[in-house]
Amino acid sequence: MGTTTDIPEITSSFTEYAIFIVLLPMLAFPVILFLGRLFNGNETWVKSAKEGGLIALPIMVASFILSLILIVEFIGSGTGSHHIGDWLSFGWIGADGMTIEEKVFGVGIYIDHVTVMLLFVASFLCMLINIFSIGYMNTDPINDNRNHRFYAEFVLFCSGMLGMVLADSFLWLFIFWELMGLCSYLLIGFYYERPSAAYAAKKAFLTTRVGDVFLVIGLVMLWNMFGSLDYSVVFNPDNIAAVDSGELQMALGMMFIGAVGKSAQFPLHVWLPDAMEGPTPVSALIHAATMVNAGLYLVARMFPFFGAPSMAGELVDLAFIIAAIGGITAVMAAAIAFVQDDLKKVLAYSTMSQLAYIFTGLGAALWLANTPGMEEYAIIAFGAALFHLFNHAMAKGMLFMASGSVIHEMHHAHHDLHHHDDHGDDHGEDHHDDHHDEFDAQSMSNMGGLASKMPITATAMLVGSASIMGLPLIGGFWSKEGIIANTWRVAREEPLFWFPAFCVLLGAAMTGFYMSRMWLKTFAGKPKTEVAENVHENTPWIPIPLVTLTFVSLSSVILAGMMFTHWSSDSGYAFFSDKGLADGLIYEFEHIFLNSDAFFFVLTYVVIFIGAIVGPGLAMALYGGALKEGEKAKGWMQPIINLSARVNEKRGFDNSAWADSGLSVALKERLYFDKWYDTAMLKLVAGFAVLSATFDRKVIDGTIKTIERSSQKISLSVRKLTTGSARDYIMMAALGVLVIYAMLEVMI
Amino acid sequence: MIDPAWVSVLSALLFTIGLWGAFTRKNAIVVLMCLELILNAANLQFVAAAIQHGDANGWVYAIFAIAIAASEVAIGLAIFLAMYGQHESISLDDVNLLKH
Amino acid sequence: MDANTFDMDLLQTLGPELTVFVGLLLIMIIPNLGNGKFRIPGTQIELPWFLGGTRYKAVSSPRLPGLLAVLTMSLALIQVLWYLLETNADGSRANAVANVISSENGYEIFSVNLFSRIFEAIFFAALLLAALASLDRLPTGSVKSNDIDVLFNNRRQADFYILMLTSALGMSVVALAQDMFVLFIGLELASFSTYVLVAFHKETRAGSEGGAKYFIVGSVASAVGLYGLSMLYLWAGSLQFDVLAAKWATDGASSLSMMALGFVLVGFAFKISAAPFHFAAPDAYSGANSPVAGVLATASKAMGMLGLMRVLLLITVPDSAAEDESAVWIGLLGVMAAVTMTWGNIAALGSENPKRMLAYSSVAHAGYMLAALTAIGAWNWGLVDTGGDAKDIVVAALLFHMFVLVFFKLGAFLVLGLLEMEGGASRLSSLSGLGKREPLLAVAMFLFMISLAGVPPMAGFLSKLLVIMGIVEVATGSGSLDSLMDAHWVWWLALLMVLNSAISMFYYLRVGVVMYFHEPEEGREGPLASGVSIRLAIAVCAIGTVAFGLVGGELIELCRDATQYLG
Amino acid sequence: MKMDYLSLLVVLPIMASIFLLILTSRLSAESRKKFDSSIRMASLGITLVMFAIAMLMFLGQIGDVDWKGIAFNNYEFKESYVWIEPLGIEWSVGVDGLSFPMVWLTTLLLPITIIATWNEKAGATYFPLILMMGGALIGVFVALDLFMFYVFWELTLIPMFFLILKWGGKDRKYAAQKFFIYTFTASVVMLLGLFTMYFLMDTQTFSMVEMVTEANGANTSGVWLGLEVQKALFIMLMLGFLVKLPAAPFHTWLPDAHVQAPTGGSMLLAGVMLKMGAYGMFRLPISLFPHALEEFRFVIMIIGLISLVWGAIVCLGQTNLKKMVAYSSVSHMGVILLGIASMQPLGWAAALFMMFAHGIISPMLFAVCGAFKHHYHSMEIGAMRGMAKHSPWLATSMMFGWMASLGLPLLAGFVAELMLMVAYWHAYGWWILLPGLVLALTAAYYLWSMQRTIFEGGDETQPPESLHGEPVPDIANSEKLAMLLLAGFTILFGIMPWIFLDMMDIWTRNAMIFLGFGA
């Protein structure tokens, strides 16, 4: 073992400097932190440096540019790695039990299709988020004097994400993975004074930590099999051929649990909705758009194991588990999203659900890869999953930023309105405080009819929702279609997969419903509060990323045409496929809309029907409504609003019965998972811990103390023999004489 | 002549009585007397042994022992007197201020 | 050497002892010098004979007897040390040959050699330090007036130091004796002196009581010992060491000899305060003033130990023919050692009176020493298969232990003595706040305590280490065991010893805690009375405690050289 | 003349300490106060000189040592002087890949401790005691003579006893005694084992070098002293070290000692003193009794697991911040036992690096605890919330320390944990779930405590009751400096662990080969 695959060592290219993609933001972390501490409150610092925002931005831009260069480089030369050096070296007694070998943990950069795709997503989104944050964070007074902390943690987070993507071994993947975990903890707990934020931060860290434990165990198992964690070693089919498939499946399964934690899948999903406690909506965006992808990335990295000839048919169980977990989460999260009133929570559950889609897609792809004869489909399925990751990241990023925009403006409107009130109101400060506390700027019940007031945001939201829902031709449509089709493809081969297959199909309809519901409740209908009526879209910086991402989402059709699906999963495909853009588009269209296989032909239209018509239709029936008189949205939104108003008026059913049903309550309670987990933690673990502490004090230490105490008693009773009377002393001595005499006589 | 063995028996008897008396009697003076008994038991034995072994040293030992006994009594009485002065008692059981 | 010829040789050989003797005479005479006149009967001629009458100013100082005693003891000690350390040009010991003083008919009385001289060094050192410490302790009254008070004080001072010197003399006789009876005489002389010393504070209830108890129990013990001697004499026809040893070698294991041995043991066991003969010791220590108690715990104990060694190691020497039968006392001694060390430590655990605590700790130390003796016995009888010098190590360890014990055990008592000058040291709380009141004194006391407990790098550690080492060496035999269970059982004594050390840590540390943690008692806040000489003594003890712990090599060497003169 | 730098490192602080203590003991309390700052500066100066020497040694400026080329049982800077001749006892010093990191660590921690506790009361005696402590600790690590080793082993107790007694908390009296007696008891048993070994061997030497040579010579062809004896001696020796470590169930002295000890005492206690146990294990029982080690490896593993798991669980049930940190030390020390039991060079290196990493991280934890106590007059978790608002520096330091301790990557502790997990899985398979559980539990108790201290509230109008309305200041500049230094080194050794790991690795590899576990 230990032979490396034939991955060309790229020496003369830009790859050597790829490390700076990671290092730049990492080094910016202490700089921003200390400058911020130093100049806290300084006017120049606040105005010109945006409390660090304008230090972070160039860094992120540089990272992005470096990434782009790297991607271009990659397209030129293909998969490669750059070994920077050995991090640790140590002795290891090998299989023979005697010989000590030298083993190392290396450091390096590894670049292939998955890497560059994720690299683009991460660096691009991080840059946009940075721009957005400057608009969002620096205009909210609550953040004054602590934005430097935000930017510092933010750049560290980005460094973690980029590092994880670029790492050339599972070890460094894990290291950066944890680094991200730390930053997410810090960012969720950014408003440390809020108990809910503190709680959410802890919850996020702990839940992911549970997964991480298994990830570590998986990595350790993997290391013991391969003697290395470097991709170049573990992906080598020769090396894979030498290991036991059962053990490998167990190791990968362990690693998958780590991915489940990080990507908030059932049953470790509970942290994600609470993570919305972070600065609205930036940390949410981080969690939704980038960090959660880490788990997907990890599973995607397992592909070579499944594709290895020696493992054929051996790892299908794991593939099914991955798909099944995805299926369960997809439906569950979507269902919970039905009843959420909080704008960000809806998005959070939507994230969970969409990630589950990708997991299902990956599961299917892995199954296909692991099944002899299905390899060609595996590539497509894998590509579909990765493409969905891309689409979802872009769309969800946009959605979160848009929601942030909404919330931000709601806040401002509320603030302005109230400030206005103050002049004519004698109630003064008390009133202010009460009002401030009660008003929930994130609740959709307080919004409504914002489409006309926030055109850019509403548009972005619309496109994003459409992408997530999979409306034909927009963003996620291409990828979601692929995931569903490939899951069904597997289901036809393997009956077990009927379960995830049905789940994703059902999920498509549910997605259509809850995304539409969200958009309609927010942007359509009449403003539900006074605040919503006074919302304006006027914060600088915020529109830039929104507009950018809108175009990216819309243009994913081009990516589809460029055979992104194939390209992102297989190094055999060049970027612009041999077909060219036009041919590629035609190929894709044909493939999806006019599939030669009747089953998939029907499936496509079923998906379109339920996802684009049934789901949104129901949502319109329940939540649709026209704008306030005289208000008019942009041309591309007005018809939708009008349609929703019409559907709403004509709806033939009343949902109030099921809104109060047990199921609805259960969904609102997030299916009681949080409750159970909290109970388990508090009652069982904490209870046991307190018991243990008592045991430690009373029994273990108590033994020592008892010895100590009884020694005093024994001492007293011994000393009591010294009665004080000389007669007794003499008697004792006489007894001693007798004993001595007896002993000597007996021994003789 | 008496068999020296009988002298030894007598001395053992004296020793036993002395030792027994030393821890059964409360009166310090009586204890002192018991002490003398033990010492005399030793003297007797010395003399008897000297006769038995035909060694003059035994006689010398006995004389020395008598001197020791005498000074012991002197010291003992002095100390008991001091004790009586403080405790108003020469009962060994009463003098038990120092204990444990 | 012929004992009948009183010549310069004898003077030289017995120099220290004679020094003490002369010092004794001087203390008796000098304070009485005055213009007393003697009228020749029948005439009116008055001849000045300088005794009595109005005493001269120069000799009426109450401190004079003390100074004389210190001087005497110092001279004696210097001579002893000179003897011990004198070297030839090539670095070998000058006094490598024992000087035996015997009568014309070959009756050996004294033997002057390294072994006995080391013991003398121990005795003189202890007594010297005690005497030095007592200089400040006894009430002296006004020096200027020469009324009856001064006379009284003077008288008492003289008595005290006379008793010190007589006990020194008695002890040195014990050290030199080559005959059981001579040894016994010396023992009695020393004992009688200490009885009176303990009862010296006869004006207090505790003093008279402690003295009485110590006297009564001690007398019974030595009477039993004397009876044992008489039986020994009956059995062997002589009390000469070499005769006894020869007799023991041929028919040691007789009922009579065993009984005799048992009784003799009792006499010495009381001196070293081994259980169950130790009961009077705590009472005596707490009744006596501290320097005297210190002497009891060091010099007196060493004297008892010396007796035990003579009896057990010199007389009951190994004899291959009588191997199994004569190995009788090691079992007895082993049990006694185990009981003694455990008893002492457990009793000391909860003791609230520092002097009693030290007394019990002294009992525990006796147990350690007995354990060492047991190991020597096991080696002597060839019960363990080990060659070389295993026995020498243990004997040397014992000597070393007793020597350094003088410093830290006596030192601890002296610190209590300093406190007594202020108003009592009978409660642990008397020590409280010492860390604040007298930092250096507290440090010294702490050093003594951890040295007693056996914490490196104190002398007490090295001595305990040597004892354990010796025991373990004996126990492990020639060096190849199948398991530790095969080691001789004295190994378990070593284990018990280390565990006991751990127990003892508790009460020794408590002293430290009280000194540094507790607030001083009311009315005892300030610094202690200044007593130059007692402080000097304490300083010597502290330095000795540390110095012999760090560089005890020379002393160990000396002790090892001395072991060959044991018998 | 060639300088004997190692002896200097031992003797200099002890002598200086005694000198300073005597110097000030004659002064009254008031005039002693005036000397506080000059004595503090003197102490700091001495420790800095020591650190400089250690640093120069490491860099090769002194001695020009190739730290990665030291063969097993070979030592650098080796010097011997006759000490107690009749017993063959020598003052013998030397360092190798096992001991040098600990020496370096000690010299590093001393100045940091002094800086962190800059304003400790009664500094005129406090700082000299810290110095003495340092000298004794270094003495343990450089001693090559059993007697010397034991002397310094026990000598460390004395300054620590006084540090706890004089500067400690409410129950300091009890804690100081318990600490002393508990560890003393274990070490006297160890001492007996050492002697028994001494007399059973052929050469009868106190020199560790010769001892190991003899042991190895016999162990390669058979079993030195016989297996039964080896096992018995192994147990006796390990007992002393396990209590010092401390391993469950002998750990209960540690929480008491830590909670009551002053900050500086805790820092040195957790930072270096606990490591003496692990160091001793490697130096004596493991090096001498490899056969017994093989017999007992599973037992050691179980003891390690119990310490690890039990320590973590009990941590979770603590409400006292310092006690929690103390138990976390117990838990971390369990890792060392697991590393030893893995019988892999990697596992041993993990144990060694854990000693080192924990030696940097735990002082930081205790410095934080000390600052917390100092500022909020309470040690209860939850007594003060929203620390991030009142005392951002303290909060940051705390979070950093906690994160380092729970094994966050790129910080020193992670390296050891990772290496351990690798070796452990190889040796014991699915038992790894328990250490895994502990990883989660560790996170749980640290996060739980942070939630209740750093986070939540922080409204300046509601300071904690224990403050009685005083203002809440952030930590002093000296404390900041100490925290920064510790944090810096934690990061340094997290990113560049090879600085010391390499020499540890070489040591473990050579040891494995030497002891016959590898070829």
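Mentor: Two residues are in contact if their C-beta atoms, placed from the backbone, lie within 7 Å. Keep in mind that this is a predicted model.

Trainee: Among contacts in chain A between residues at least 6 apart in sequence, what percentage joins residues at least 24 apart?

Mentor: Start with the contacts in chain A whose residues are at least 6 apart in sequence. Then keep those that join residues at least 24 apart. The share is 81%.

Trainee: How many helices and strands does chain A have, and what percentage of its residues is buried?

Mentor: Chain A holds 32 helices and two strands. Its C-alpha trace spans about 120 × 80 × 60 Å along the principal axes. The chain has 748 residues, and the buried part of them is 58%.

Trainee: Which residues of helix 32 of chain A are buried, and what covers them?

Mentor: Helix 32 of chain A runs over residues 726-747 and reaches 31 Å from its first C-alpha to its last, close to the 32 Å expected. Its buried residues are Ala726(A), Arg727(A), Tyr729(A), Ile730(A), Met732(A), Ala733(A), Gly736(A), Val737(A), Ile740(A) and Leu744(A). An α-helix has 3.6 residues a turn, so residues three or four places apart point the same way. The cover includes helix 1 of chain B together with helix 7, helix 9, helix 10 and helix 13 of chain C.

Trainee: Which chains share the most contacts?

Mentor: Five pairs of chains are in contact. Chains B and D are not joined by any contact, and their closest C-alpha atoms lie 24 Å apart. The most contacts are shared by chains A and D.

Trainee: Which helix of chain A gives the largest share of the side that touches chain D?

Mentor: This contact takes 42 residues from chain A and 49 residues from chain D. On the side of chain A, the elements that give two or more residues are strand 1, helix 6, helix 7 and helix 31. By class, that side has 30 nonpolar, six polar and six charged residues. The largest share, 15 residues, comes from helix 7 of chain A.

Trainee: And on the side of chain C that touches chain D, which helix gives the largest share?

Mentor: Here 31 residues come from chain C and 31 residues from chain D. On the side of chain C, helix 17, helix 18, helix 19 and helix 21 give two or more residues. That side divides into 21 nonpolar, six polar and four charged residues. The largest share, 11 residues, comes from helix 19 of chain C.

Trainee: Is the crossing of helix 15 and helix 20 of chain C left-handed or right-handed?

Mentor: The axes of helix 15 and helix 20 of chain C come within 8 Å and cross at roughly 145°. Among the residues that make the contact are Gly411(C) and Leu414(C) of helix 15 and Ala537(C) and Cys541(C) of helix 20. The contact residues divide into 13 nonpolar, four polar and no charged. The crossing is left-handed.

Trainee: Why does Leu410(D) count as buried?

Mentor: Leu410(D) lies in the loop between helix 16 and helix 17 of chain D. It has a positive phi of about 70° although it is not a glycine. A residue is buried if 20 or more other C-beta atoms lie within 10 Å of its own. Leu410(D) is therefore buried, as its C-beta neighbours inside 10 Å number 20.

Trainee: Is Phe77(D) buried or exposed?

Mentor: Phe77(D) belongs to strand 1 of chain D. Its phi is near 55°, a positive value in a residue other than glycine. With 22 other C-beta atoms within 10 Å, Phe77(D) is buried.

Trainee: In strand 2 of chain D, what is the bridge partner of Tyr81(D)?

Mentor: Strand 1 and strand 2 of chain D pair in the antiparallel sense over six bridges. Their hairpin has four residues between the strands, and Gly88(D) takes a positive phi near 70°. The bridge partner of Tyr81(D) is Trp91(D).

Conventions. Residues are numbered from 1 along each chain as its sequence is written. Chains are lettered from A and ligands numbered from 1 in the order in which they are written. This is a predicted model: local features need pLDDT of at least 70, side-chain atom pairs count only at pLDDT 80 or more; totals for chains, interfaces and linings use all residues. A residue is buried if 20 or more other C-beta atoms lie within 10 Å of its own, exposed if 12 or fewer, and partly exposed in between; C-beta atoms are placed from the backbone. Ala, Val, Leu, Ile, Met, Phe, Trp, Tyr, Cys and Pro count as nonpolar, Asp, Glu, Lys and Arg as charged, and the others, Gly among them, as polar. The expected span of a helix is 1.5 Å times one less than its number of residues. Axes are lines fitted to C-alpha atoms, for helices over the stretch in contact, and angles run from 0 to 180 degrees between N-to-C directions. A crossing is left-handed if the near helix is turned anticlockwise from the far one by less than a right angle, and right-handed if clockwise. Two strands pair if DSSP finds at least two bridges between them.
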